[in-house]
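Trainee: Could you please take a close look at how the parts of this model are packed against one another? I am new to it and would welcome one connected account.

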Amino acid sequence: MSKKFLPLVLGAAMGVAATSASAATLDDVKAKGFVQCGVSQGLPGFSNPDSQGNWTGLDVDVCRAMAAAIFDDVNAVKFTPLSAKERFTALQSGEIDVLSRNTTWTMTRDTSLGLNFAGVNYYDGQGFMVRKDLGVTSALELSGASVCTNTGTTTELNVADYFRANNMPYEIVAFEKADEVVAAYDAGRCDVYTTDASGLYAQRLKLTNPGDHMVLPEIISKEPLGPVVRQGDDQWFNLVKWTLNAMINAEELGVTSANVDDMKGSDNPSVKRLLGTEGAYGENIGLTNDWAARIIKHVGNYGESFDANVGPDTPLGIARGVNALWSKGGVLYAPPVR
Amino acid sequence: MANAEMFHVRTEEAPLLPAPVSTTGAIGWMRQNLFSSIGNTILTVIGIFIAYSMIMPIIQFAFIDAVWTGEDRTACLAAEPGEKVGACWAYVGAYMKQFIYGRYPYEELYRVNIVYGLFALLLIPLAMPSVPAKGLNAFLFLVMFPIAAYYLLTGLEFGSFVVFPIVETAVWGGLLVTLVIAVTGIVASLPLGVALALGRRSQMPIIKLVSIIFIEFWRGVPLITVLFMASVMLPLFLPEGVNFDKLLRVLIGVTLFSAAYMAEVVRGGLQAIPKGQYEGAMALGLRFWPMMYLIILPQALKLVIPGIVNTFIGLFKDTTLVLIVGMFDLLGQIKSSFSDSTWATPSQGPTGYLFAGVVFFLFCFGMSRYSIFMEKKLHTGHKR
């Protein structure tokens, strides 16, 4: 503890702010040997510890990819579980290097908090879940339905807007806590359960018979979730941004963790540039040229990460939907490496 | 002689008849206490019915319908629609290590076990009045044990020579964090509280003023605010990159907070001591500290044992609040395990909370029973 106390006491005594960390986060990270990553206190499929205590999830994979790119070691990362209230302070104060905690990218957060969003790793949005035997296939058929939701959240307002815009009568059944909402829906107290789509899939597992329920295709709000960094360090910002882009580009180019070594010999110039066999793109962000190859080898491309954490074969069973590549009907579109 | 048959003179004592069955044993007790009148009989029947209808579902859930073994969530799902599934103990089993140690590295768990062992080994003889060498025992428990526990839990490294590798407090969790916070808070807040209580009754104006300000400040802010200040506000005042341990911040906050409450409890005890005790002690020629140590405090503290233990139990339960500042105590660890989709089932939540409730009850009930034991042992003329 004394090691940590001494600078504190000295700093306070002299009234001098030690601003060493503000400039080059990458140098600091390299010096300490790990990435300090802020995650949620537990959101299924995005960042949650498993029964062995290892962090897994889509948000966790972004941090692991950064560790792979910088250190060639997915375990060179430490996770700080943060509550929604703490998360921005933790980033601003330098307690963490990157915040990868299902944080919605909004204008206020991007412009007034001294933060930068480095991209979007999951396009979330508010959705509806109904019983299959209701025979409903679209949210537009929900006229007259009773809707279970949380009190006093934007979820409630979004529902009101959506039903009014489509001229449908509805009845709100609101509860204080998420658990109560799920219990009420499970007990048949209402026809529809609404919250963020990723949350719907997670809560569905807690229903008595998950197979009897389905999530409707309509998404009625925009919740782009992505990693966040402090403003004022463009090198670090670029690194996070391109870590994410590399994973998405890799999926588009068909590079997977299984075939990445073979693909290094590929003739496709895009693949060559991505994997660092041509050009010196890694050096521009302060890394080695095989940075993307390391990410894909250790963590996989975006599609692999999606399938392993939230995809159809996991208990969550989320379909790709809007999170598919742009070439496959989604909105994932990463700028090219060139 | 014929009269001899008409008269009977008892030459030996008649054998004592047993009391009527209706007044002894279980039946007698029930007749006397439960069915002594029509009104009482009705109340008893209603009471039994209420108790039955409340306890049976719990037994049904926790034991009869419970799932004891399984690999993942499928074990704890209803096999067919409508089937009731009880507690998913398989999930608690899979997570038991995390509930007890948090994410402490598995290969270092023996260090935590040594601390748990030392704690029990030193506390139990200290708590038993009949065991001798209390002074040595208290010294070991209050001075040596915290030092040993500190190095065992956080690690000990001399440069490149590693005795115990450093384990950051960020990975501590579960019962370990609950006990570290509760025990540190309890052990540190009692002497601090006594000092503050004496300070508040002191004749010296500065000491009195400082004590009053301290006590009223810490009693005036909620613990949640204290924790938030420590974990969210403090880093903003510190230079960037300087970041002192979150657990330490929480420990200091919790200790100061409960010391203020303890001070008021102890002050209540001090006020109950008649003035004659002080005057008598002074007449014996005792100075302030010997008077307090030998005469006043033993009486005052004995009087407020229920209040002190009340504060301890409150503190123990308040440790669950650290979840909001991102530390995982037992309850926080259980809540965080709900996010693991491998085990997500309808019964996961109730099972986790039931487990947390049982563990917390055991600790709090233990403290409560021990306080009653000490009260009985120390009663001197105050027994009603």
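Mentor: In chain A, the C-alpha centres of domain 1 and domain 2 are 31 Å apart. Domain 1 of chain A covers 27-123 + 224-327, and domain 2 of chain A covers 126-215 (the bounds come from an automatic or database domain assignment). Where the two meet, domain 1 of chain A supplies 7 residues to the contact and domain 2 of chain A supplies 4 residues (contact requires C-beta atoms, placed from the backbone, within 7 Å of each other). The side of domain 1 of chain A that touches domain 2 of chain A consists of 5 nonpolar, 2 polar and no charged residues (Ala, Val, Leu, Ile, Met, Phe, Trp, Tyr, Cys and Pro are nonpolar, Asp, Glu, Lys and Arg charged, and the others, including Gly, polar).

The model is predicted: local features need pLDDT of at least 70 and side-chain atom pairs pLDDT 80 or more, while totals for chains, interfaces and linings use all residues. Residues are numbered from 1 along each chain as its sequence is written, with chains lettered from A and ligands numbered from 1 in the order in which they are written.

A:V310 is buried because 26 C-beta neighbours lie inside 10 Å (buried means 20 or more other C-beta atoms within 10 Å, exposed 12 or fewer, and partly exposed in between, with C-beta atoms placed from the backbone). Beyond residues up to four places away in sequence, A:V310 touches A:G45, A:L58, A:L316 and A:I318.

In chain B, the domain assignment gives domain 1 (21-64) and domain 2 (89-104 + 167-378). Their C-alpha centres are separated by 39 Å.

The helices of chain B are taken next. Helix α14 (residues 330-337) of chain B is mostly covered, with 7 of its 8 residues buried. The buried residues of α14(B) include B:L330, B:I334 and B:S337. Their cover includes β2 (48-49) of chain A as well as α4 (89-101), α7 and α15 of chain B.

One of these helices, α7 (residues 174-200) of chain B, packs against helix α13 (residues 305-318) of chain B at about 150°, with the axes 9 Å apart (axes are lines fitted to C-alpha atoms, for helices over the stretch in contact, and angles run from 0 to 180 degrees between N-to-C directions). The angle therefore makes α7(B) roughly antiparallel to α13(B) (under 35 degrees is roughly parallel, over 145 roughly antiparallel, 65 to 115 roughly perpendicular and the rest oblique). The crossing of α7(B) past α13(B) is right-handed (the near helix is turned clockwise from the far one by less than a right angle; anticlockwise is left-handed). Helix α7(B) brings B:A182, B:G185 and B:I186 to the contact, and α13(B) brings B:F312, B:L315 and B:F316. By class, these are 5 nonpolar, 1 polar and no charged residues.

Two further covering helices of α14(B), α4(B) and α15(B), also meet each other: their axes come within 9 Å and cross at roughly 60°. The pair is therefore oblique, and α4(B) passes α15(B) in a right-handed crossing. In this contact, B:W89, B:Y91 and B:V92 of α4(B) face B:Q348, B:T351 and B:F355 of α15(B). Here the residues divide into 4 nonpolar, 2 polar and no charged. Helix α15 (residues 348-378) of chain B also holds B:K376, which is exposed because 9 C-beta neighbours lie inside 10 Å.

A left-handed crossing is found where α8(B) passes α10(B). The axes of helix α8 (residues 205-220) of chain B and α10(B) come within 8 Å and cross at roughly 115°. Among the contact residues are B:F214 and B:W218 of α8(B) and B:L256 and B:F257 of α10(B). This contact has 8 nonpolar, no polar and 2 charged residues.

Finally, B:A272 lies in the loop between α10 (246-271) and α11 (275-283) of chain B. B:A272 is exposed because 11 other C-beta atoms lie within 10 Å. Apart from neighbours within four places in sequence, B:A272 is in contact with B:A300 and B:L303. The C-alpha atoms of B:A272 and B:A300 are 7.2 Å apart, although the two residues are 28 residues apart along the chain.

Definitions and conventions: Helices (H or I, at least four residues) and strands (E, at least two) are DSSP runs, numbered from the N terminus.
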